[in-house]
Amino acid sequence: MKNLNILQNEKVKQLHQTVIETIHKAKIITKNHLNTEEESLTLGEKFSDIVFNIGSSWAPIFFFTTVVITWVLFNLSVSEKYRFDPYPFLLMTFLLAGIAAVQAPFIMMSQYRNSLKNSKKLALNLKVEKEILTLHQSITVSIEQQLQQVHENQIATIKLLNELHVKYDKPGQVVKPDHTQSPVVA
């Protein structure tokens, strides 16, 4: 029996070591993915990240809406002498088209950078998920092995009890359990 307990303790220690190694590997995976991306960015990639962060918020939309409304109201409400862009607002249309032409490549670059970052995050998540599944499987196998060992211990104990019963009890005598005494736990 003592040998079985020692064997079970060794298996538990091995399982703990496997868990620790798997967790350590997951930390290494996350550190490697996060650090390499931040260190190897070019100036253009950094700029496209800044454009994406600013352009994907409501601030530029509110800013340009305010500028256009102010432009239109100013040119409609002042006298003709002070209007710098009369009604069809050709200057404003030209400026907005120029801004859109310059802004489009930056938006495309920032979307490309964002898709690269998302694909790296997805790869990282898949690797961590794989490690978690491996850990889960190893724990399941260990639990199954421990249950099998417990089952074998129970069979050996029952066999031993039967041998003791045959050896020490008289044939035909029924042994009734004594419920007044509490069981001894070793």
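This is a predicted model: local features need pLDDT of at least 70, side-chain atom pairs count only at pLDDT 80 or more; totals for chains, interfaces and linings use all residues.

Q: What is the secondary structure of the chain?

A: Helices (H or I, at least four residues) and strands (E, at least two) are DSSP runs, numbered from the N terminus. Here there are four helices and zero strands, giving the pattern α-α-α-α along the sequence.

Q: How many of the residues count as buried?

A: Of the chain's 186 residues, 13% do. Its accessible surface (Shrake-Rupley method, 1.4 Å probe; for residues, only the protein chains shown count as cover) is about 15400 Å², with 67% of that belonging to carbon and sulfur atoms.

Q: Where is Asp85, and is it buried or exposed?

A: Look in the loop between α3 (59-77) and α4 (90-168). Asp85 counts as buried because its relative accessible area is 3%.

Q: What is the nearest side chain of opposite charge to Asp85?

A: For charges, Lys and Arg count as positive, Asp and Glu as negative, and His and the chain ends are not counted. A salt bridge needs a side-chain nitrogen of Lys or Arg within 4 Å of a carboxyl oxygen of Asp or Glu. Asp85 has none: Arg83, the nearest side chain of opposite charge, is 10 Å away.

Q: Which side chain makes a polar contact with the side chain of Asp85?

A: A polar contact is a pair of N or O atoms within 3.5 Å; within protein, one must be able to donate a hydrogen and the other to accept it, and residues adjacent in sequence count only if both atoms are side-chain atoms. Trp71 is the partner, at 2.9 Å. Also, a polar atom of the Asp85 side chain lies 3.0 Å from the backbone nitrogen of Met92.

Q: What else is Asp85 in contact with?

A: Contact means heavy atoms within 4.5 Å. Leaving aside neighbours within four places in sequence, the contacts of Asp85 include Asn75, Leu90 and Leu91. The C-alpha atoms of Asp85 and Asn75 are separated by 6.3 Å, with the two residues ten apart along the chain.

Q: What about Phi of Phe89?

A: Phi is near 50° there, a positive value in a residue other than glycine. Phe89 is in the loop between α3 and α4, and counts as buried because its relative accessibility is 9%.

Notes:
Residues are numbered from 1 along each chain as its sequence is written. Side-chain values use heavy atoms; hydrogens and water are left out. Buried means under 20% relative accessible area, exposed over 50%, partly exposed in between (1.4 Å probe, protein chains only).
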